[in-house]
Amino acid sequence: MIIDRIEIFHVALPLITPWRTAYGEDSVVESVLCRMTSGSTEAWGESCPLAAPCYSPEWAGGIFETAKRWLAPRVLGQDFKSGEEIQHALSIYKGNSFAKALIDNTWWTLQTNLTEQPLHRLFGAKRDCIPVGADFGVQDSIEELLDLIHQAVSEGFPRIKLKFRPGWDLPMLRSVRNEFPDTIFHIDCNSGYTLADLSMFQEIDSLDLAMIEQPLGFDDLHDHAKLQSMLKTPICLDESISSPERARKAIELKACRYINIKPGRVGGITNALKIHNDSKDADIPCWVGGMLESSVGGAICISLGMLGNFSYPADIFPSSNYYKTDLGSVPITIEKDHRGIPSVRAMHPLPTPHPERLSQCTVQSAVFR
């Protein structure tokens with residue numbers, strides 16, 4: 001497949017309400033979309049590191065510039081027969097996982113259009129529908145959070161994730177557990193703590209959580225291994241897993257018992273597939289996550305999540321939770337599966353940006369022929 005043309009779009013998507021985490025809050029989601037063309041066939045991809053380098057060292061304006069200056073020219077006009085070849089071509093540039101994911105993800109969506117196969121089938125997935133959980137960021141009050149959880153429980157969500165940060169931590173979590181003694185919860189710390197907080201995590205051990213997601217530094221493995229050895233509650237690594245190599249080291253160090261895989265964070269679908277397979281071989285269950293992408297990128301995460309070792313309910317949200325109108329031509333929606341569990345279904349064909357909304361949201365763009 002020869003890549004004839006690449007277009008990139010840095011976009012800003014206003015949220016209905018701000019998304020609050022341990023590193024701050026976002027009222028607008030900044031993302032970068034790519035349209036890639038081979039002959040008469042085109043496809044879209046997306047990578048969403050957010051507006052500022054707070055979740056990771058990358059940010060939307062930065063990955064736009066990286067793709068514009070280095071990555072798009074590197075692959076333009078070249079013939080790539082596999083995702084591994086794309087990764088090899090981009091490997092001369094260090095790091096920049098979200099920027100590389102923009103190119104890698106779009107190569108995969110172009111493959112699905114060229115072959116006329118659903119994306120999840122290209123991955124080898126057998127299922128078409130997966131369960132999803134409910135997620136809640138930091139709220140204005142514990143009472144407001146409890147009301148939201150009551151609604152999620154009544155709707156049948158199989159697990160609930162709570163953002164967890166200093167000032168919104170143990171008292172909040174105790175209140176939630178007292179109100180919902182039998183519900184499956186886990187917390188997401190977004191790297192907000194250190195080993196100096198060991199006593200707090202040992203108290204959390206008594207609250208019967210499914211996992212503690214990314215409690216320590218965004219690039220740490222060693223301290224996570226120490227912490228995991230002192231806790232019965234599983235640790236899940238998210239930000240720390242930025243490549244297959246990092247995943248391999250985390251597994252060897254026994255730094256976690258779950259891995260969250262987001263295609264953007266790990267450098268694209270090609271790397272996400274390897275991490276999934278390596279984790280399966282090591283008996284480490286995975287779950288798929290998103291970055292508040294539009295449905296263009298969210299559909300890619302959904303397709304990935306159809307693979308078998310994604311056994312914990314996914315972090316995929318309906319578009320209406322966050323956007324008045326999704327940028328994508330088809331929004332992400334939640335349906336009930338045969339058991340009555342909220343789920344998402346693999347999308348085929350994949351959503352593309354609505355032209356008018358893309359024009360309204362674009363901050364800057366570039367074209368390569």
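Figure 1. A nonpolar core is a set of buried Ala, Val, Leu, Ile, Met, Phe, Trp, Tyr and Cys residues joined through side-chain atoms within 4.5 Å. The model shown here, and in every view that follows, is a predicted one. Its largest nonpolar core has 120 residues, and the members that touch the most others are Ile 6, Leu 162, Phe 201 and Ile 204. Let's take Phe 201 as our guide: setting aside neighbours within four places in sequence, Phe 201 is in contact with Cys 189, Tyr 193, Thr 194, Ile 212, Pro 215, Leu 216, Leu 227 and Leu 231. There is also a second, separate core of six residues, including Ala 210, Cys 236, Tyr 258 and Trp 287. As background, nonpolar side chains in soluble globular proteins tend to be buried together.

**Figure 2. Strand β1 and its two partners.** Begin with strand β1, residues 5-21, which pairs with strand β2, residues 24-38, in the antiparallel sense over 13 bridges. A hairpin of two residues makes the link from β1 to β2. To find your place along this pair, look for Glu 7, which stands opposite Arg 35 in β2. Strand β14, residues 362-368, also runs antiparallel to β1, and six bridges join them. Here the handy landmark is Val 11, opposite Thr 362 in β14.

**Figure 3. Two cysteines without a disulfide.** How many disulfides does the count come to? The count is zero, taking a disulfide as a pair of cysteine sulfur atoms within 2.5 Å. For Cys 34, the nearest cysteine sulfur belongs to Cys 48 and is 15 Å away. Cys 34 counts as buried because its relative accessibility is 0%. Cys 301 is in no disulfide either, and its nearest cysteine sulfur, again that of Cys 48, is 9.5 Å away. With a relative accessible area of 2%, Cys 301 is buried.

**Figure 4. The largest pocket and the elements around it.** This view opens onto a space of about 580 Å³. The pocket is lined by 27 residues, and those closest to its centre are Asp 135, Phe 136, Leu 148, Asn 321 and Tyr 322. Which elements give two or more residues to this lining? They are β1, β5 (134-136) and α5 (142-154).

**Figure 5. The largest cavity.** The structure holds three cavities of 30 Å³ or more, and this view shows the largest, with a volume of about 160 Å³. Its lining is made up of 16 residues, with Trp 19, Lys 163, Lys 262, Gly 290 and Met 291 nearest the centre. The elements that give two or more residues to this lining are β1 and β6 (160-163).

Figure 6. Look for Ala 346 in the loop between β13 (342-345) and α12 (355-361). Is Ala 346 buried or exposed? Its relative accessible area is 17%, so Ala 346 is buried, the cut-off being under 20%. Leaving aside neighbours within four places in sequence, Ala 346 is in contact with His 120, Asp 128, Ile 302 and Met 306. Arg 121 is 225 residues from Ala 346 along the chain, yet their C-alpha atoms are separated by 9.8 Å.

Definitions and conventions: Residues numbered from 1 in each chain as written. Predicted model: local features only at pLDDT ≥ 70, side-chain atom pairs only at ≥ 80, totals over all residues. Heavy atoms only, no water. Buried < 20%, exposed > 50% of the residue type's maximum accessible area, 1.4 Å probe, protein only. Contact = heavy atoms within 4.5 Å. Pairing = 2+ DSSP bridges. Helix = DSSP H or I, 4+ residues; strand = E, 2+ residues; numbered from the N terminus. 1 Å grid on protein atoms, 1.4 Å probe; cavity = no way out; pocket = protein on both sides within 12 Å on 5 of 7 lines; lining within 4 Å. Points joined across faces, edges and corners; volume = space filled by probe spheres on them.
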